[in-house]
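Biologist: Before we look at any particular feature, I would like to learn how to read this model step by step. Could you begin with what a contact is and then take me through the case at hand?

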Amino acid sequence: MNISGESLLVILAVGIAAGWLAAQIVQGTGLGLVGDLVVGIAGAFIASWIFPQLGIHFGSGIVSEIVEAAIGAILLLLIIRLVRPRSRWGGSWGGVWRR
C-alpha cells in the first residue's frame, strides 16, 4: 500500500477534526489532542466498516468523511466510557475537593 504525503495529511486532518468533534459531543472523556487523533482515525475505520454493512452512504467529499468518522469516533468513545473504570474519588486530574 502506497500512501502519498497529501493523503496522509488528509487522513490526519480528518482524524483530528472527527476526534475533536466526537469529544465535544461525548463530554467527559478527556483524551487530549493525541487521543482525539487516535479516536478519530479509529472512528473512521469503524465507520468505513459498519456503514457499508448497513447500506448507509453519506456521499463524497471531505465534509462527509469528517461526519462519517465523527460518528464512528462517537461510537468508540461511548464504548470507552462504558469500559473504562470510574475514579473512586469521582474527580478528574486537578479536580477540586468537594464536601
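Modeller: Contact here means heavy atoms within 4.5 Å. Bear in mind throughout that this is a predicted model. With that cut-off, and not counting residues up to four places away in sequence, Glu68 touches Ala47, Ser48, Phe51 and Phe58.

Biologist: Where does Glu68 lie, and is Glu68 buried or exposed?

Modeller: Glu68 lies in helix 3, which covers residues 62-83. The general idea is that a residue counts as buried when its relative accessible area is under 20%. Glu68 has 14% relative accessibility, and therefore counts as buried.

Biologist: How should I describe the chain as a whole, and how many helices and strands does the protein chain have?

Modeller: The protein chain has 3 helices and 0 strands, and from the N terminus on its elements run α-α-α. Of its 99 residues, 24% count as buried, while the chain exposes about 7600 Å², with carbon and sulfur atoms supplying 67% of that area. Among the contacts between residues at least 6 apart in sequence, 71% join residues at least 24 apart.

Biologist: Which residues make up the largest nonpolar core?

Modeller: The general idea is that, in soluble globular proteins, nonpolar side chains tend to be buried together. In this chain the largest nonpolar core has 7 residues in all, namely Ala22, Val26, Val39, Ala73, Ile74, Leu76 and Leu77. Helix 3 gives the most to this core, with 4 residues.

Biologist: How should I read helix 2, and which of its residues are buried?

Modeller: A general point comes before the case: an α-helix has 3.6 residues a turn, so residues three or four places apart point the same way. In helix 2 the buried residues are Gly35, Asp36, Val39, Gly40, Gly43, Ala47 and Phe51, and they pack against helix 1 (5-25) and helix 3. Helix 2 itself spans residues 32-54, has 23 residues, and reaches 31 Å from its first C-alpha to its last, close to the 33 Å expected at 1.5 Å a residue. Just after helix 2, Gly55 takes a positive phi of about 75 degrees.

Biologist: Is Ser64 buried or exposed, and with which residues is Ser64 in contact, leaving aside its neighbours within four places in sequence?

Modeller: Ser64 also has its place in helix 3, and Ser64 is buried because its relative accessible area is 10%. Leaving those neighbours aside, Ser64 is in contact with Phe58 and Gly59.

Methods: Residues are numbered from 1 along each chain as its sequence is written. This is a predicted model: local features need pLDDT of at least 70, side-chain atom pairs count only at pLDDT 80 or more; totals for chains, interfaces and linings use all residues. Side-chain values use heavy atoms; hydrogens and water are left out. Helices (H or I, at least four residues) and strands (E, at least two) are DSSP runs, numbered from the N terminus. Buried means under 20% relative accessible area, exposed over 50%, partly exposed in between (1.4 Å probe, protein chains only). Accessible areas come from the Shrake-Rupley method with a 1.4 Å probe; for residues, only the protein chains shown count as cover. A nonpolar core is a set of buried Ala, Val, Leu, Ile, Met, Phe, Trp, Tyr and Cys residues joined through side-chain atoms within 4.5 Å. The expected span of a helix is 1.5 Å times one less than its number of residues.
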